[in-house]
Structure formats: C-alpha cells, structure tokens
Amino acid sequence: MEALALERKEEQKRELKERIAQLKKERNAIILAHYYQRDEIQEIADFRGDSFLLAQKAATTDADVIVFCGVHFMGESAKILAPNKTVLIPDERAGCPMADMVNVDGLRALKKQHPNAKVVAYINTSADVKSETDICCTSANAIKVINSVDSDEIIWVPDKNLGDYVSKFTDKKVIIWEGYCNTHDMLTVKDVEEMRALHPNAQFVVHPECRPEVVKLGDFVGSTTAIIKYCKESDCQEFIVGTEDGTGYQLRLDSPNKQFHFATKYLVCPNMKVNNLKKVARCLETMQPQIYVPPHIAEQAKASLERMLQVK
C-alpha cells in the first residue's frame, strides 16, 4: 500500500511539473526560487539564488511574468525593479517576521533622533520601509554597501545580528534596530557544540543572521550564496551548516560526495516552506495572487534598490 501511495504521489508531482512547464510557455513566465524553498520548487526553478541574485534576475529578465517563490518582500523587490511585469507569488501568506519587525513610523522617529545618519536597510524589509531608506543591502554585500555610504553614521534595519556582524567591518557608527530572523536566531552555542562533538571533522559554516556568539564559532561566516560557494570549493568533506535547511538542496547538488549536517533540526523557515508545486501551478493558471506596490512607494524604494545594485 505504502509503495503504491508513493508511486501515486510521484506521478502527481510529474503531472504538476508538466503542467507548470506548459503554463510557463503560454504565459512567457520564469520561476525564481530562493535557496530556502522546498526541494520540489528549486527543481523547477529557472533561477535559484539568494535575495540579491534574484533581485538582479527580476531586473533583467525578458519574461512577461515572474513567479517569485520566496516571501512577500522579495516579490515586492521584483515588482519594484520590473514594474511592467506581472509578479506572482504562489502563497500570499509567505511573509517574513523579521521584515515585520520594522515599520515606517518607528524608522522615521529614529531618523529624527539621528538627522545626520544614512539609512541602510537589509533587503528583508517591506517596500514601505525601503522607500524611507537611502540604500538597501543583502547579507552578501552588506559590508561593501555600508562602507560605500557617504556618512559616518548609519541607521541599520532590521536585523540586529547581521548589524552586529557588519559593524565589525566598518569605522562608522552603526545604530542597530532590534529585529531578528526567527529561524537563524534559534541556533544556540549548545546546538553547535553538540554537533561538533558528533562530527569532529566537520567545519561549521554559519550565516551572520545567527546570534553573535554563534557566528563567533564559525570556521566560515557568509551569506547563503557564500556558504554554498565555500562548501563547494573547500577541501573539507564534512560541514555543520548554520543556515536555513532549504540550502541543503544546492549544497548536495554541488557536492554530492560531501556530508552536510544542519546545526539543529529547527533551521526551517515556515514562511519559505508554504509554497509548493500545486500553488505554483494554480498561480500560473489564475494569474493570482499578484504583487502590487503603490507607484509613489515603488519609485522611492526603487532608488534605494538601484543604489545597492550599483555598489561594486
């Protein structure tokens, strides 16, 4: 019975993938998938990447329709950079708790307190917050962005852990907002020590969205893309991974002979995992839900995203 159920499930998957491929042709659509998505989504994506790469793809694609398999703020960034394209998100409920930890009113109040400071916003923010920002950044380019800003004082929103990490690489005064990523912030020193005891030959690779005391333990610290690149190029054969578990898909694809152990079983973003093949097919069939950003917000937010894309 179990084998039959599995077979049926695989058949349904195949049918869905075929349907999605057909709809993509009909709609002239591309599928962008963040590295934290389910394996089945990453398998069908035209591009897999972190927020920065996917923002770049959205800005340059020839497709008429972008299906953004990620969370809401990523779909907004795609719409801002490609305003004439239809941007679909398979499930509107795919939000980001960290992005919700900063709001326009709070940011405006902080700007009043520090009138000479420039605002650097992590891309994990709403379009509204981006519109109040001087420049955006991702974890991949945060250090370069902060050092490119023409000000000795920076207001950093919303992730305090990444802000703490970045502040160590600049002489500027960094005023850090108290937000955090629920998933990365869960990882503790105890989790890492327990995994190291189990896997003494493994290197610990960690995302700077983790707590400072956890980041300090890293053999390598970097963005999701940097972690993937490091593991692929490293001579080490075994890794303890301190970032969201969807990254395992690309890690295993790049390095099938290496071993990857996630530092805790709780490194799962529930918002990233709400998307599935059924929802991708449905959004291409119905052309809903679409991402909408009010033009005046989009215009201001676009300036801060484009400044980020110009930082070399």
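This is a predicted model: local features need pLDDT of at least 70, side-chain atom pairs count only at pLDDT 80 or more; totals for chains, interfaces and linings use all residues.

Me: What is the strand order in the open sheet of four strands?
Reply: The order is 6-5-7-8, with parallel pairing. Strands (E, at least two residues) and helices (H or I, at least four) are DSSP runs numbered from the N terminus; two strands pair if DSSP finds at least two bridges between them.

Me: Which strands stand at the edges?
Reply: Strand 6 (135-137) and strand 8 (173-176) do; each has a single partner strand, so one side of each lacks a neighbour in the sheet.

Me: How many bridges join strand 7 and strand 8?
Reply: Four, in the parallel sense, with strand 7 spanning residues 153-157. Ile-155 has Ile-175 in strand 8 as its bridge partner.

Me: Which strands does helix 9 touch?
Reply: Helix 9 (residues 160-167) packs on the sheet and touches strand 5, strand 7 and strand 8. Its direction makes about 175° with that of strand 8, on axes fitted to C-alpha atoms, for helices over the stretch in contact, with angles from 0 to 180 degrees between N-to-C directions.

Me: Switching to cores, how many residues has the largest nonpolar one?
Reply: It has 76, and Val-120 and Trp-156 are among those with the most contacts inside it. Such a core is a set of buried (under 20% relative accessible area, 1.4 Å probe, protein chains only) Ala, Val, Leu, Ile, Met, Phe, Trp, Tyr and Cys residues joined through side-chain atoms within 4.5 Å.

Terms used: Residues are numbered from 1 along each chain as its sequence is written. Side-chain values use heavy atoms; hydrogens and water are left out. Buried means under 20% relative accessible area, exposed over 50%, partly exposed in between (1.4 Å probe, protein chains only). Contact means heavy atoms within 4.5 Å.
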